[in-house]
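Subject: Structure for you to look at

Hello,

I am passing on the structure we spoke about, followed by notes on what was found in it. Please read the notes with the model open.

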Amino acid sequence: MTTPLENLGEVADVHVASAAAGAARATPGVERLQPGLWGLVQQLSHELWERATGEAYPDVAGVEVEMQDGVALVDVTLATDGTIPAGQVAAAVQRAVVDAVAARTAVPVLSVAVHVCEIALPR
Amino acid sequence: MEDVVDDLDAGRTDDHSRTCEHCATARRSLENLMEATAALVADPSEPPPTLLGRIMQAVRAEARRGDVLALEGAELGPADVSEVAVAAVLRFAADSVEGVWARSCHITVEPGSAGTIAVAMTLSLRYGSGPAEGLLGEVRGRLAAALAGQVGLHAHRVDLTIVDVWPEEEL
Amino acid sequence: MVTGSAVAEAAPSDGGWDDATLVGRAREGDLRAFEALVGRYQRRIYQLAWRMTGSSGDAEDVTQEVFLTLWRRLPELREDVAVVGWLYKTATNRCLNVLRSRKPTAEVDEATTPSHDASDDPERSAESNEQMQALAAALGRLPAKQRAVWLLREIHGRSYDEIADLVDTTPQSVRGRLARARVQLAEMMQPWR
């Protein structure tokens, strides 16, 4: 079996998404990432990814990456834990994602959109 | 036997049902059923503890995204928060005032004033919790604090409407 | 016989909001309010589904589907609709569908008969009360609709009018079905049978 050539681009997407997801999850005030229904990254089947790279498919749920002319547009959907204003969390996630993608891939990030879908309330 | 059911329901006995062996047997088996029914009402079987979480996971996965409110301060791309999430924070803040329950909460955005919203909330009050004036002032304070501390937005207008007053014992 | 003894609920740890408030909030998308509704009623729905289907797996599926359907239907649910009645109705219909869709076996009447004697079910073996075991087994042999009527009335304390609406019949016919169910259950539970 050969990997379709057009999917090779998506391997880079997965690396970007993986770096972004890890950075977002580690940002103070983030409770969890919230998977959406659609995303370019999810279109690459996990099996295809593992065959192409020999690595386990990373947890990128909640992150979508769109490549435009060699630069990445990243979308992160998350829930905050309610301890820090959502606006501050969003700004911190943007900085962390840009730094992490720069450190782990050669893909420049054009923009990081952050959607806060839920703010956790004290139990 | 259905007659015996009726008698048992009504707590009736007559000479026939006391002396007739068939009726006595029917009565015993119905009493047996009543005891077993009481045991079944006190059913010890509980849903698995993971069920609630699984239901909520399924609900979250298809939660309506709904409208979003732009967040200020993001520099590397757009940032927004779901209106529903902000409404939940505001209701919780109002609830934290003793004797107050938030009912509905609507948020609108002033065009061209990023980071500023208008809040319209309806409330239930418990009768005897104190003057409404004071309670509403307290609610306003909590809403402003929650918006600043948990969301990062500012309300230029907060409309509070009392739609219900509850007697103490019903809370 | 036993009346008004609805399944006991755990003490409300959900703030004690009335259903209308929770539904109103959930309708606006408040997940926490919806979670409180699930927490309040999942036990009743699960127990009804378990007694109806005789399978803890089916009962879990039915319960999950009922609440997911509630979430989806919230926008079209009328303001004054009693959510608990809606839940019972949806759950009863789901259970009857589950039973109908089971593969018919050789014995005709087993098509709607749950496997109430499943001894490998750990929850089932917790039923130490012998009478209760006999009743559970007898229940499994009742026709599905009769079982639903009996459970809704005797275990869940629902009104005749409501049950009539649930199983699409008249309150008079519910009384008749209930009386027949009681007699059949009492007869099936007799130890010498």
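From the N terminus on, chain B runs α-α-α-α-β-β-α-β-β-α-β, that is, six helices and five strands. Helices (H or I, at least four residues) and strands (E, at least two) are DSSP runs, numbered from the N terminus.

Residues are numbered from 1 along each chain as its sequence is written, with chains lettered from A and ligands numbered from 1 in the order in which they are written. The model is predicted, so local features need pLDDT of at least 70 and side-chain atom pairs count only at pLDDT 80 or more, while totals for chains, interfaces and linings use all residues.

Chains A and B

Chain B has 171 residues, of which 30% count as buried. A residue is buried if 20 or more other C-beta atoms lie within 10 Å of its own, exposed if 12 or fewer, and partly exposed in between, with C-beta atoms placed from the backbone. Of the contacts in chain B between residues at least 6 apart in sequence, 54% join residues at least 24 apart. Two residues are in contact if their C-beta atoms, again placed from the backbone, lie within 7 Å.

Chain A has four helices and four strands, in the pattern α-β-α-α-β-β-α-β along the sequence. Of its 123 residues, 45% count as buried. In chain A, 80% of the contacts with a separation of 6 or more are between residues 24 or more positions apart.

One loop residue in chain A is worth a look. A61(A) lies in the loop between α3 (46–53) and β2 (63–68) of chain A. A61(A) counts as partly exposed because it has 17 C-beta neighbours inside 10 Å. P35(A) is 26 residues from A61(A) in sequence, but the two are 4.6 Å apart in space, C-alpha to C-alpha. Neighbours within four places in sequence aside, A61(A) is in contact with L33(A) and P35(A).

The B–C interface

Between chains B and C, 43 residues of chain B are in contact with 46 residues of chain C. On the chain C side, the elements that give two or more residues are α1 (19–27), α2 (31–53), α3 (56–73), α6 (130–140), α7 (144–155) and α9 (171–188). The most, 11 residues, come from α2(C). By class, this side of chain C divides into 22 nonpolar, 13 polar and 11 charged residues. Here Ala, Val, Leu, Ile, Met, Phe, Trp, Tyr, Cys and Pro count as nonpolar, Asp, Glu, Lys and Arg as charged, and the others, Gly among them, as polar.

Helix α3 (residues 21–41) of chain B packs with α9(C) at an angle of about 100°, with the axes 9 Å apart. Axes are lines fitted to C-alpha atoms, for helices over the stretch in contact, and angles run from 0 to 180 degrees between N-to-C directions. The two helices, α3(B) and α9(C), are therefore roughly perpendicular; angles under 35 degrees count as roughly parallel, over 145 as roughly antiparallel, 65 to 115 as roughly perpendicular and the rest as oblique. S29(B), L30(B), N32(B) and L33(B) meet R182(C), L185(C), A186(C) and E187(C) there. This contact of α3(B) with α9(C) has four nonpolar, two polar and two charged residues.

With α6(C), the axis of α3(B) comes within 8 Å and crosses at roughly 95°, which makes α3(B) roughly perpendicular to α6(C). From α3(B), N32(B), L33(B), E35(B), A36(B), T37(B), A39(B) and L40(B) meet Q131(C), M132(C), A134(C) and L135(C) of α6(C). The classes in this contact are seven nonpolar, three polar and one charged.

The nonpolar core

A nonpolar core is a set of buried Ala, Val, Leu, Ile, Met, Phe, Trp, Tyr and Cys residues joined through C-beta atoms within 7 Å. Which residues touch the most other members of the largest one? Of its 123 residues, they are A20(A), A24(A), V76(A), V97(A) and L90(B). The largest share of this core, 13 residues, comes from α2(C). Not counting residues up to four places away in sequence, A20(A) touches V63(A), V74(A), V76(A), V97(A), A100(A) and V101(A).

Regards
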